[in-house]
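Please look over the sequence and the structure shown here before reading the notes that follow, which are grouped by topic.

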Amino acid sequence: MVQGKISEIHGWAATGPGLKVEPWSYTPRPLGDGDIEIKIEYSGICGSDLHTLKEELGPTIFPAIVGHEIVGRVITKGSKVTEFKEGDLVGVGAQVYSCLQGDCKACGHNLDPHCPKSVYTYNSKYADGQPAQGGYAEAVRVDASFAFKIPDNIDPIHAPPLMCAGVTVFAPMLRKGVKKGDRVGIVGIGGLGHLAIQYAHALGADVVAFSHSPNKRQQCLELGASKFVDTSDKSEVDAVRHTLDYLFITSNSKSSQYGEFISWMAFEGTIVLLAIPEGHMTFAPFDIISTEVSITGSMIGGIQVLKKTLEFASQNNIRPIIEKYPISQVNEALQRMNEGQARYRIVLTHEISG
């Protein structure tokens, strides 16, 4: 192991629960033979960042630099890294390490995020006990296996949301085999949902967008939905009952809504949770017995799926709709995201210097 180019990494960290981050520095782990060091140019804000800062998903390791939608340039690499060179534009998502062993029940099935030895980009610890720190910083040091080249035709500022939001919606579509002619519903037209519409449409699906905000109708149609359903309009909802092959839940829907969701599904349809409802889901068991509807969930995508996510976005002109904030205004950006005002992802721009 050797020291990288940056001996101390400066970032914006939370020192306790709450939506406030402040300047803070840490000494990174030594650069391993298989590691790269990345000077960060852009980092996206994900809902998971807010949940972690507010300790809504369990205890947070403070001080915490969050951010797992990272894009920047390789500035140095370990001796065994051959796939990258200095200056390459790369992205990092929500995971920075797993064992990658073929006999691992997770990694051996391309489910690296479920590896028992996984290290996530922040609020996670390496085997030596050092906490991983995320992308609201000038640099990050990661295992090269968890960095991905950004396709040339994707503007770097549009790449960060693809590293988490993009792969989150695309991974289950790949695993479940969404294909041309399938009728796919998307619930929640926000940071995840607006990308889910694009990916499903590009796969050839007939996409139905569901939202309680009728002012999103035109945008959903422009993104690729063939139909928009205002969920506050009973007649519009009734018109699509028993018609969906897949339903992707991308917003924190009420736990009591799942009986309603089941009624939208065709026989043997599949409901996929990409967001976590509060409390326990409630529905009548007979509803899934009588329709043979399946309810499942999906986390993030592993290495192979993330590569496919970027390639597919490149080939099909899939891009997030973003708002830009300089990293110096990160606290204002966090508040805007927390208030649900962002349309639809926020990307922090870092000072780019030689």
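Helix α2 is mostly covered, with 14 of its 17 residues buried (buried means under 20% relative accessible area, exposed over 50%, and partly exposed in between, with a 1.4 Å probe and protein chains only). The model is predicted, so that local features need pLDDT of at least 70 and side-chain atom pairs count only at pLDDT 80 or more, while totals for chains, interfaces and linings use all residues. Residues are numbered from 1 along each chain as its sequence is written, and side-chain values use heavy atoms, leaving out hydrogens and water.

**Helix α2**

- Helix α2 covers residues 160–176, helices being DSSP runs of H or I with at least four residues and strands runs of E with at least two, numbered from the N terminus.
- A kink of about 45° in α2 is centred on G166, where the bend is the angle between axes fitted to the seven residues ending there and the seven starting there.
- Just after α2, G177 takes a positive phi of about 80°.

**G47**

- G47 belongs to helix α1, which comprises residues 47–53, and G47 is partly exposed, with a relative accessible area of 30%.
- Although G47 and Q257 are 210 residues apart along the chain, a separation of 21 Å is found between their C-alpha atoms.

**The second largest pocket**

- The lining of the second largest pocket has seven nonpolar, two polar and six charged residues (Ala, Val, Leu, Ile, Met, Phe, Trp, Tyr, Cys and Pro count as nonpolar, Asp, Glu, Lys and Arg as charged, and the others, Gly among them, as polar).

Technical notes: The expected span of a helix is 1.5 Å times one less than its number of residues.
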